[in-house]
Amino acid sequence: MTLITVAPTGAETSKSDVPALPVTLSELVGTAQECEALGASVIHIHVRDADAKPSLDPALLRDTVQAVRAETNLIVQLSTGGAVTDPEAARLAVVDAGPDMGSCTMGTLNFGEDVFMNRWEFIVALHQKMQENGVVPEYEIFDLGHLHALGRLLDKYGLPAGGHVHVDFVLGVPGGAPGTTETLVAFKHALRDLPAGATFSATGVGRSSLPVMLAALSAGGHLRVGMEDTLTYAKGQPVDGNMQLVARAAGFARLAQRPPLTPDEARSMLGIKGR
């Protein structure tokens, strides 16, 4: 079975450049409903304000969690990464919005022309706050050293809420690990140093979306797709919407004889308490 996460918006793309990007609450909820119907079980959320700018406003985050929960059965995962300029205090406060899951990036990296800062002290604080609040982390891995940092974190500060370790390999970011089959195999091999039973999803950014997706399925991994990471469906063909990307992922998963997990099945795998 395959866990499919949809990341519909992100913090880098502007609505003016990509009109199909869901940025309002109603657009996000509608996207969530359609993607759940097609096979997604987790939604990875970045919120936007009234001007469609990335935001970590606590009220917006709480309203978004409540709205998506009210209209879908999806696992709600909030990004604690925000935009690269967001301060640590605001990123930690994301956990207070009460999501089922939250992202936890395991190291600093060059992110295009910017720097995505994740100091060790911040990673520890985020991990511990998620433990205290019962929020299940998805550890985001942009480079091989991040997996070794995760092993160090778990050894020193204990297992995450729910007890299950799940990581997402984010491949193809300029400044991070490349989005290739060889990279994914190396990353999967490094999972041996994590607690038994650890699972992984993989995200291929931009043109690496297809090779990373196919490699992940063949290696027993799970998938994250969406317009946060991919705006082109094929060469010269812009993405019509997140549903198009989820439908393709679900189709590939079925061809691999690993059909999509339902949200409740995904909760069981990830150690998330039921609603």
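Predicted model: local features only at pLDDT ≥ 70, side-chain atom pairs only at ≥ 80, totals over all residues.
Which residue has its charged end over the ring of tryptophan 120, and how far is it from the ring's centre? The first legend below gives the reply, and the others follow in turn.

View 1. Residues are numbered from 1 along each chain as its sequence is written, and side-chain values use heavy atoms, with hydrogens and water left out. The charged end of arginine 152 sits over the ring of tryptophan 120, at 3.9 Å from the centre of that ring. A charge sits over a ring if NZ of Lys or CZ of Arg is within 6 Å of the ring centre and within 35 degrees of the ring normal.

**View 2. Aromatic rings in pairs.** A pair of aromatic rings is described by the distance of the centres and the angle of the planes. Rings of Phe, Tyr and Trp (for Trp, its six-membered ring) pair if their centres lie within 6.5 Å, and planes under 30 degrees apart count as stacked, over 60 as edge-to-face and the rest as tilted. By this rule there are five aromatic pairs. One of them is edge-to-face, because the rings of phenylalanine 111 and phenylalanine 116 have centres 6.1 Å apart and planes at 85°. Phenylalanine 116 has 7% relative accessibility and therefore counts as buried, a word that means under 20% relative accessible area, while exposed means over 50% and partly exposed lies in between (1.4 Å probe, protein chains only). Another pair is stacked, since the rings of phenylalanine 169 and phenylalanine 200 have centres 4.9 Å apart and planes at 20°. Phenylalanine 169 lies in strand E10 (residues 166-171) and phenylalanine 200 in strand E11 (residues 199-204), so this pair ties together parts that are 31 residues apart in sequence. Both phenylalanine 169 and phenylalanine 200 are buried. Ring pairs also link Phe111, Phe116 and Phe142 into a cluster.

View 3. Helices (H or I, at least four residues) and strands (E, at least two) are DSSP runs, numbered from the N terminus. In a regular strand the side chains alternate between the two faces of the sheet. In strand E5 (residues 75-78), Ile75 and Gln77 point one way, Val76 and Leu78 point the other way, and all are buried. Two strands pair if DSSP finds at least two bridges between them. Strand E2 (residues 42-45) runs parallel to E5 and is joined to it by four bridges, with leucine 78 as the bridge partner of isoleucine 45. E5 also pairs in the parallel sense with strand E6 (residues 101-105), over two bridges, and here the bridge partner of glutamine 77 is methionine 101.

**View 4. Helix H1 and what covers it.** Helix H1 (residues 25-38) has 14 residues, which should span 20 Å at 1.5 Å a residue, and its end C-alpha atoms are 20 Å apart, which agrees. The expected span is 1.5 Å times one less than the number of residues. The buried residues of H1 are Leu28, Val29, Thr31, Ala32 and Cys35. Seen down the axis of H1, these buried residues fall within an arc of 160°, so they line one face of the helix; the arc is that of the directions from the helix axis to the C-beta atoms. Ser26 and Ala37, on the other side of H1, are exposed. What covers the buried residues includes strand E1 (4-6), E2, helix H2 (58-71) and helix H8 (242-255), where contact means heavy atoms within 4.5 Å.

**View 5. Serine 41 and leucine 3.** Serine 41 is found in the loop between H1 and E2, and it is buried, with a relative accessible area of 0%. Leaving out residues up to four places away in sequence, serine 41 touches several residues, including Leu3, Leu74, Pro263 and Ala266. Leucine 3 lies in the segment before E1 and is buried, with a relative accessible area of 1%. Leucine 3 and alanine 253 are 250 residues apart in sequence and 9.3 Å apart in space, C-alpha to C-alpha.
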